[in-house]
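Hi there,

Here is the structure I promised to pass on.

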Amino acid sequence: MYDTSFIDELASAAPTPGGGGASAYAGALAAALASMVGNLTVGKKTYADVEDEVRASLARLDALRARLVALVDEDARAFEPLAAAYRLPKATPDEQAAKNAALQQALVGASDVPLAIMRAVADVVDEADYLAHHGSKMARSDAGVAAAFARAASDGASLNIFINAASMDDAAQAARYRGEADSLAARTRERCDELFDFVKTSVS
């Protein structure tokens, strides 16, 4: 029996974990699947010439997986001050100003975490792509699944950035967040689709 506590919490009415945490979790699953390909490659005579590179990729994937798992919790923590800001009173001009100041500060933290998720996922795609082309052909389909999870993780995290940027008073700051999210999402989506298509063609 697998531990379903995260999925159960995600399904509940609690505000966290939410889409950001789920995106980080999907990214961690993508890293795990890419690692599976690598671990099924090392020690095989057929792949002896790439063993050192595969082991290096596995080390990077271990770090990325740990980072993405940590980002699940970081996303939940980043949401707390945002939720608190929305609950602040706004009956007077001073209260309104204090509430908006707290909200603007919290929006930055709530946007930085999904950006970190997207950056880590982009790095996972690098490793999955290498392993799909150089790792065990018997596990190549798992690299394709990693690409599918990574695409969803990146797109999902980007939505948290877009919704937070929409509430930012600083238009230039909001544009920077949107621009980086758009760029990361587009590039990751393109690379994941290319990897998925490569895997699909090679296993068909």
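**The largest pocket**

Helix α3 gives the largest share of the lining of the largest pocket, 4 residues. Helices here are DSSP runs (H or I, at least four residues), numbered from the N terminus. A pocket is an open set of points on a 1 Å grid over the protein atoms alone, where a 1.4 Å probe fits, with protein on both sides within 12 Å along at least five of seven lines; lining residues have an atom within 4 Å of a point. This pocket holds about 240 Å³ of space, a volume being the space filled by probe spheres set on the points. Of its 13 lining residues, the closest to the centre are Asp75, Phe79, Leu82, Asn160 and Asn164. α2, α3 (51–87) and α5 each supply at least two lining residues.

**Two helices side by side**

α5 (residues 140–165) and α6 (residues 171–203) pack at about 165 degrees, with their axes 8 Å apart; axes are lines fitted to C-alpha atoms over the stretch in contact, and angles run from 0 to 180 degrees between N-to-C directions. The two are therefore roughly antiparallel (an angle over 145 degrees).

Most peptide bonds are trans. The one from Thr16 to Pro17 is cis, with omega near -5 degrees. Pro17 is in the loop between α1 (5–11) and α2 (19–39).

**Before you start**

This is a predicted model: local features need pLDDT of at least 70, side-chain atom pairs count only at pLDDT 80 or more, and totals for chains, interfaces and linings use all residues. Residues are numbered from 1 along each chain as its sequence is written, and side-chain values use heavy atoms, leaving out hydrogens and water.

Enjoy exploring!

How values were computed:
Angles under 35 degrees count as roughly parallel, over 145 as roughly antiparallel, 65 to 115 as roughly perpendicular and the rest as oblique.
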